[in-house]
Amino acid sequence: MAEFVFVPKSDAARALVAHLTAITLDHEAQVKPRNRKRQAEALRSFTGAVSAFAADLIHHARFQEAEGFFYRSCDKEALGQTLVSVRSFEQLLQFWPEMGLMEVTSFFRVRETWEGEETGTGFGKARRFRATAELLSLAEGFGITPDTLKDHFQKETGRLSPVTVRSEVANRRGAGVTSANMRFAGPEYQAEVQRVTEINTILAQGGFDLAETPRVYRLFNRGNFHNFDFNMGGRLYCCSEDDWQQRSKEDRARITCRGEPTVELDVRSSHLFILYALHDLELAPEDDPYSLPGVEREVVKGLFAAMTGKGSKPTRFPNKLSTDYLKRTGRKISTVYKLGEVLEALTAKHPILERIEKGAMDWARLQYEESECFMECLTRLGRDHGVAALPIHDSLIVAKQHQDVAHTCLVEAYGNRFGCLPEVRCK
């Protein structure tokens, strides 16, 4: 996703932005003449939008796996944290495709997932954008290419809030289908901002060998619910370019810290552990919680994720689970297992699953409880030990030499919150 916060730092970049602004205004004068000339402040704002939008287009052209595309939500509140205002966004969305500088796709909806399964909460309408060969050629004339973009532009990340709150609006059937950023202020919000800002300061000094200084933001959900008190969702997501959270396990294992190897510490069955703990029960440590006779572990784990994501028992096998199973085995999952029988066996093994309740004891609550443990662990590591760790929801990456202290902090964070200790494994 484009952040729209690039600003020029070289003479070449400033010249490119001035040229793009001029030809865009010329095009506007031809196709959509204004009644009045832009005032100085409005022109500065429009020029800033041209800079941020063009820089992201050029920069993302280097990512071949995405074929040069990035996406951006049309959420007005989210655009308020960027250099591209809603008005400028709409204008460039019209003018640049007409000028042959940008390709734009149709709308799509970005979905939030929980353990790989959709929760039903959408992030609102988004579109994909890509620089054309004409824009890339124009930039190259000023000595700027996708590979050298960061030599000429820098990110003004101070505009990006480290805490986001989203609403959730359900349709008549009770499924969350739309979501939008909400504007929040006040002492509770500022307290969360300070917590995440401290973690980002720790990460910036952590020495991880990534393409960009690691940054995270915290995402709260259901901000429009009557009982919202910064207690729903709350996961930490990567918002820097080198997204360690989206890497495969094999790629994450290659991350180093000041040239030294790292390890990944994983809380075993974190979400199920938390579900038990919230009801003053303990998950049996010696047994694999996702083991059922005659049922593959991936199927059991996928159905647990579906139950917590939906807030009730699923009525069909989840799409992702079905797709992955077909790809892995060549068979349809519904021809191998009967959904009702697997769910019955799963709830017989874990009767606590009967207490899952949409809107009260589901993915949003479990995410929050888990994220609070990781917030405590990451903060304590930084404050007390000068150690940084990269969070991945239910695991973290830390320099191998700091494995023991990170393990202790993570176990104790869960213990302090729930009164019982999880099993933390080193990958």
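Helices (H or I, at least four residues) and strands (E, at least two) are DSSP runs, numbered from the N terminus. The views show a predicted model, in which local features need pLDDT of at least 70 and side-chain atom pairs count only at pLDDT 80 or more, whereas totals for chains, interfaces and linings use all residues. Residues are numbered from 1 along each chain as its sequence is written, and side-chain values use heavy atoms, with hydrogens and water left out.

View 1. F4 belongs to the segment before strand 1 (6-8). Although F4 is not a glycine, its phi is positive, at about 60°. Most residues other than glycine have a negative phi. F4 counts as buried because its relative accessibility is 0%; buried means under 20% relative accessible area, exposed over 50%, and partly exposed in between (1.4 Å probe, protein chains only). R258, in the loop between strand 12 (256-257) and strand 13, also has a positive phi, near 50°. With a relative accessible area of 57%, R258 is exposed.

View 2. Strand 7 runs parallel to strand 10 (residues 216-220), and three bridges join them. Within strand 10, L219 stands opposite T164.

View 3. Axes are lines fitted to C-alpha atoms, for helices over the stretch in contact, and angles run from 0 to 180 degrees between N-to-C directions. Contact means heavy atoms within 4.5 Å.

**View 4. Two nonpolar cores.** A nonpolar core is a set of buried Ala, Val, Leu, Ile, Met, Phe, Trp, Tyr and Cys residues joined through side-chain atoms within 4.5 Å. The largest comprises 76 residues, and L275, L303, L396, L410 and Y414 have the most contacts inside it. Helix 14 supplies the largest share of this core, eight residues. Not counting residues up to four places away in sequence, the residues touched by L303 include P314, F317, L339 and L346. Another core, of 37 residues, lies apart from it, with V7, A49, F95 and L138 among its members.

**View 5. Crossing of helix 1 and helix 5.** The axes of helix 1 (residues 11-31) and helix 5 (residues 133-140) come within 10 Å and cross at roughly 135°. The contact is made by L16, H19, L20 and I23 of helix 1 together with L135, L138 and A139 of helix 5.

**View 6. Strand 15 and its partners.** All five of the five residues in strand 15 (residues 395-399) are buried. Strand 13 (residues 260-267) runs antiparallel to strand 15, joined by five bridges, and E264 stands opposite I397. Strand 14 (residues 390-391) pairs with strand 15 in the antiparallel sense over two bridges; P391 has L396 as its bridge partner. Three residues separate strand 14 and strand 15 in a hairpin, and H393 in the turn has a positive phi of about 70°.

How values were computed. Two strands pair if DSSP finds at least two bridges between them.
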